[in-house]
Amino acid sequence: MSVLKGIPHDKHIDSIRDATDALVSKSRCLKQNPTWSICELKLSEEDFLWLKDWVSSLRKDQLALTLRQTSRLPKVGLLLLAFAAETCRRDGRERGIYEVFADGPFQDDARSVLLTTLQYPRKQVQNALEQACRIFGLRHAFDSPTTQPWYLTTKLQFGFTLQGAKDHLKHWLTGVAPDAIEWLLKGESQSNHAGTPIRSDSFGRLWDALGRYRTGKISTLDVRHAIAESPWVLTNWTDSLLEAAQCPVTGTEYVYIPIADREQSDHSDSDSSATNVEPQICTSPRVQWANNEASLVVRFDETFLGMLNDDCFFVSVDDATCDVLRRQPDGSYSNNAGDMLIGLPPNREEVIISICDDKGKGVAVQMLPLFASDEDFQAYGKNGTNVSLRQLSQQSGYTLRLPAGTKVGPDQNFELRVTKGDTLWVQLKPGWSNEAKVRLPDDTFDILLKNTHVTNEEDWTDAVCEQASTHEKDGARFQLSFSAPSDVSILDVKVCGETVAFYEVSNGSYRTAIMSMSSLRHDGKGTMRIVAERDKCRVIHRDFQARREGIIVFQRGAWKQHLARQPLDGTRLSRAPIVIRPGETHRPEGWTLLEGSSKTTFRADKPYRLSTLGCRGWPLYVTDHLYNRPAGSEPQQLCSGVVDHGIIQDGVQRPGSRLVVLELLDELDCSADHHVVLWTRSGRLVNVASELIQVTENLWTIDPDVTGIEYEDLVVVAAIAFRGTRLGTWWTEDWWRPVTHVRDSASATEVAACLRWFHLPLMQHPRELRSCASVFGEAFFREWCLSSTGGPTSHAEHRKTDQFLASDLLCQDEDEINWYPTVRCLLGTWQPTPEEARSIAPEWGSPEESRISVEQIVGTLATSMPVITARFLCAWFSTEINKATERVGRHILSCNLCKDLEERAALEHSRIRERGFDPAERHPSLPWLELNKRFIDTLVETANAMVEGGTVVELDAKNLESAFNFSDLCRVIAARLIEPVATPCASSA
């Protein structure tokens with residue numbers, strides 16, 4: 001039935017008043033929750049047409065006047081929110097709701113009043129939406145710790161879009177859902193105003209039905225009935241939802257690896273034992289009072305500050321940047337306030353403090369516990385440090401941290417009370433009496449401060465929830481069950497600080513509602529707070545542990561599961577902790593992380609940050625059988641590919657306007673030295689100077705029209721840079737399209753440079769790139785392998801005015817981790833011709849400053865790419881002018897490679913003899929490696945076959961690729977390929 005039927009849409013004030021009254025009147029019929037959402041009104045298609053007609057009738061002058069009138073602001077906001085919600089749920093995408101709203105049937109002059117040039121709501125509209133939510137009791141995110149309150153508030157009105165469900169429902173039902181869905185299910189983000197929770201019972205019933213249908217626990221008829229009764233879906237969505245709910249999520253089992261311990265190869269710059277110790281960023285937390293206000297703070301640790309070298313570092317608490325460290329002229333560091341303190345949220349059991357550099361790469365991370373999980377509130381002593389409630393002394397004064405709304409008394413025991421957000425700070429006087437007590441919100445009894453250490457004095461409390469049993473649901477949710485004596489009443493249950501519903505299954509047996517794993521710690525541990533009553537009320541704390549499996553990433557203050565079929569952003573993983581739980585193994589080598597040919601071993605006992613990933617699109621695997629893997633023990637996939645977006649969170653090119661909008665992780669001031677580089681489908685490379693970039697908070701917007709890019713030529717890659725150094729990249733799914741437009745060596749050179757500089761996930765499209773690289777190998781070889789030796793991209797100055805020669809601006813990252821394994825894979829089929837080799841390097845003994853010498857090429861590449869190096873030399877020596885010097889030249893190059901190894905080899909052989917071992921068991925050139933001569937000879941034979949283009953055994957090829965992780969082993973292999981007779985340093989045995 002239509003709610004707005006009979007109301008004229010074009011009477012402006014009368015229309016706004018009557019339509020608002022009708023919507024609010026209908027909302028009062030909703031009895032399920034104290035707050036409501038637009039979709040629960042069950043507006044009909046006729047109502048939706050009325051809203052479209054109403055927005056099309058809005059005129060600029062009337063609308064501008066109405067938005068300035070305080071009394072009418074919430075009413076306009078309600079109708080605009082209703083139009084946005086009903087439009088976006090039908091036609092929007094999960095991250096594209098604003099575009100759909102902006103494309104509404106507004107008159108052009110009215111549109112300018114409502115939306116900015118970026119098509120985002122103006123400040124008056126934002127105020128109208130907020131006032132509507134607060135006054136009429138709608139669910140909202142304005143009091144939640146989010147940078148997108150208007151976006152999330154709109155999403156909370158309808159939950160999810162149809163297109164989003166088609167694409168992602170299979171993932172959402174396994175526990176990895178957008179914030180709006182999680183909040184509607186669990187109410188984790190809750191308003192500071194009492195009585196306005198976000199959780200929706202009706203949405204929970206729909207979600208439960210879809211989840212049970214996916215696991216085969218209810219029939220198609222039952223789930224259709226649940227969908228038909230739910231206000232969160234439209235009637236024509238049913239078949240699409242059922243199909244999406246049954247769609248399989250392919251991939252292997254999740255796995256666990258806690259602390260990173262880099263495999264000891266000579267690519268590591270530091271001792272392996274040092275990589276296991278995270279520097280302590282901060283000292284212990286403490287409470288400090290200033291201007292009659294209390295705050296919880298920590299101080300930067302001086303030892304940690306002494307380890308820093310760069311000029312600027314960003315400080316984050318959880319995943320929000322809160323401060324900046326800048327190096328001073330004397331070498332010390334200072335933060336924004338100059339006090340070297342970090343403010344902490346007072347209501348968290350633990351926080352994560354992380355430091356990253358100005359490129360977004362993680363430097364250090366610290367898990368900082370704030371207080372014990374089994375205490376209802378906290379006490380802090382005279383020095384500001386945490387004191388257990390069981391150790392309070394009546395002779396001392398304390399600062400108490402309590403939930404807002406707590407009552408304390410008698411008054412003579414307390415002298416200062418300050419409420420800040422959802423926290424009440426109270427000063428307890430020295431000499432406080434036996435009657436000093438607190439009553440927490442939602443409790444019906446008092447807690448005596450003197451007796452906080454004897455909450456379990458009666459025997460009957462020991463029988464309440466002797467052990468909480470956990471029941472995992474789909475790996476992302478769980479449920480608790482517990483028991484109590486039949487004469488004990490359970491009044492309240494909280495899990496990890498949040499009140500949860502519970503019900504009695506049978507006499508003395510209880511079960512909680514289903515909860516998200518993200519409410520628990522990364523190891524699955526949590527705490528129950530049970531209020532039980534027999535002759536009096538008692539508070540009982542019980543610890544429990546749920547089974548968490550898979551890769552678990554810290555996001556927005558919670559530990560969330562990651563799906564193995566989704567990519568992982570390596571930059572985020574270097575800034576925040578990650579936990580991977582693959583299960584148990586009794587193998588002595590433990591677990592090993594595999595990214596391409598790179599291997600990293602781990603010890604499983606705490607969260608860690610991944611800062612050693614290559615981020616070129618290689619899938620991430622884990623295995624406990626690094627060598628001699630038995631059948632049925634294949635590596636388990638953790639993610640579809642490791643990528644690197646840098647400082648960019650997301651991006652989009654809007655249809656129609658073609659505006660490129662880049663969303664940054666944090667706000668960044670756009671200086672004159674910042675610029676944006678665009679890459680189009682046709683391969684056009686455009687530099688956009690800072691004056692052409694529009695910055696609004698953390699959004700950077702570029703209009704391609706002002707750069708001269710043709711309308712049909714869409715942008716597929718965009719990067720933010722500072723003086724030619726890339727800071728972050730956004731790309732579309734068809735980012736590789738410019739490769740198909742390579743026609744000559746010049747365009748191949750630019751494409752190769754761009755593929756590297758943008759940090760694109762090359763291994764997600766290896767076939768297309770390998771095909772291009774095999775044809776234009778010389779260009780790719782120069783840009784990917786030799787640019788560090790002095791190519792045009794490494795020393796070019798930043799030129800803001802030249803828009804169409806942006807390749808000169810690209811300053812390549814010469815320290816990129818695991819770059820050469822990607823090059824070996826994509827250039828593996830390239831067989832250089834004599835002409836290409838001679839073009840790259842001059843003849844022997846003929847130095848040319850404009851070209852790199854063959855000695856430099858061998859010295860640079862032999863330690864990581866011996867096969868490609870040997871192929872190049874074969875082509876180079878086959879030219880007529882170099883054939884005469886081939887024998888002498890190969891001998892010199894081979895000797896130069898192993899010259900540094902001879903002294904070390906002789907010393908290692910002496911040590912082996914002193915320990916009583918037979919030196920013949922080790923290879924004479926590399927006795928410090930536990931590899932015998934026969935195995936290394938097999939590696940050389942395999943490499944030689946690859947140089948000559950022959951076929952090799954797959955296992956031998958994998959062993960050879962693994963050997964490339966060790967630079968000394970690469971030198972010996974390269975030396976044998978260059979001069980097959982003997983390895984120069986073999987005589988030192």
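The model is predicted, so to speak of local features a pLDDT of at least 70 is needed, side-chain atom pairs count only at pLDDT 80 or more, and totals for chains, interfaces and linings use all residues. Residues are numbered from 1 along each chain as its sequence is written, and side-chain values use heavy atoms, with hydrogens and water left out.

**The chain overall**

- The secondary structure comes to 27 helices and 43 strands; helices (H or I, at least four residues) and strands (E, at least two) are DSSP runs, numbered from the N terminus.
- Of the 989 residues, 53% count as buried (buried is under 20% relative accessible area, exposed is over 50%, and partly exposed lies in between, with a 1.4 Å probe and protein chains only).
- If you take contacts between residues at least 6 apart in sequence, 66% of them join residues at least 24 apart (a contact means heavy atoms within 4.5 Å).

**Helix packing: α2 with α4**

- Two packed helices are described by the angle between their axes and the distance between the axes.
- Helix α2 (residues 45–57) and helix α4 (residues 73–91) have axes that come within 10 Å and cross at roughly 120°; axes are lines fitted to C-alpha atoms, for helices over the stretch in contact, and angles run from 0 to 180 degrees between N-to-C directions.
- α2 and α4 are therefore oblique to each other (under 35 degrees is roughly parallel, over 145 roughly antiparallel, 65 to 115 roughly perpendicular, and the rest oblique).
- The α2 and α4 crossing is left-handed, meaning that the near helix is turned anticlockwise from the far one by less than a right angle, while clockwise would be right-handed.
- On the α2 side you'll find Glu45, Phe48, Leu51, Lys52, Trp54 and Val55, and they meet Val76, Leu79, Leu80, Ala82, Phe83, Glu86, Thr87 and Arg90 in α4.
- That α2–α4 contact divides into nine nonpolar, one polar and four charged residues (Ala, Val, Leu, Ile, Met, Phe, Trp, Tyr, Cys and Pro count as nonpolar, Asp, Glu, Lys and Arg as charged, and the others, Gly among them, as polar).

**Helix packing: α12 with α13**

- Helix α12 (residues 220–229) packs on helix α13 (residues 238–246) at an angle of about 125°, with the axes 11 Å apart.
- That angle makes α12 oblique to α13, and the crossing of α12 and α13 is right-handed.
- Thr220, Val223, Arg224 and Ile227 of α12 make the contact with Thr238, Asp239, Leu241 and Leu242 of α13.
- By class, the α12–α13 contact has four nonpolar, two polar and two charged residues.

**The β2-β3-β7 sheet**

- Three strands make an open sheet in the order β2-β3-β7, with antiparallel pairing (two strands pair if DSSP finds at least two bridges between them).
- β2 (286–290) and β7 (341–344) are the edge strands, each pairing on one side only, and the twist averages 50° from one strand to the next.
- β2 is joined to strand β3 (residues 293–299) by five bridges, and valine 287 stands opposite leucine 296 in β3.

**Strand β4 and its partners**

- Five of the six residues of strand β4 (residues 312–317) are buried, so β4 is largely enclosed by the rest of the structure.
- Six bridges tie β4 to strand β5 (residues 320–327), running antiparallel, and five bridges tie β4 to strand β8 (residues 350–357), also in the antiparallel sense.
- Valine 315 has aspartate 323 as its bridge partner in β5 and stands opposite isoleucine 355 in β8.

**The β28-β27-β30 sheet**

- Here three strands form an open sheet in the order β28-β27-β30, and the pairing is antiparallel.
- The edge strands are β28 (558–562) and β30 (578–581), each pairing on one side only; on average, neighbouring strands of this sheet are turned by 30° against each other, direction ignored.
- Strand β27 (residues 550–555) has four bridges to β30 and five to β28.
- Isoleucine 552 is the bridge partner of valine 579 in β30 and stands opposite glutamine 561 in β28.
- β27 and β28 form a hairpin with two residues between them, and arginine 556 in the turn has a positive phi of about 50°.
- Five of the five residues of β28 are buried, so β28 is largely enclosed by the rest of the structure.

**Serine 332**

- Serine 332 sits in the loop between β5 and β6 (333–334) and is partly exposed, with a relative accessible area of 33%.
- Leaving aside neighbours within four places in sequence, serine 332 is in contact with Arg326 and Arg327.
- Serine 332 and glycine 306 are 26 residues apart in sequence and 8.0 Å apart in space, C-alpha to C-alpha.
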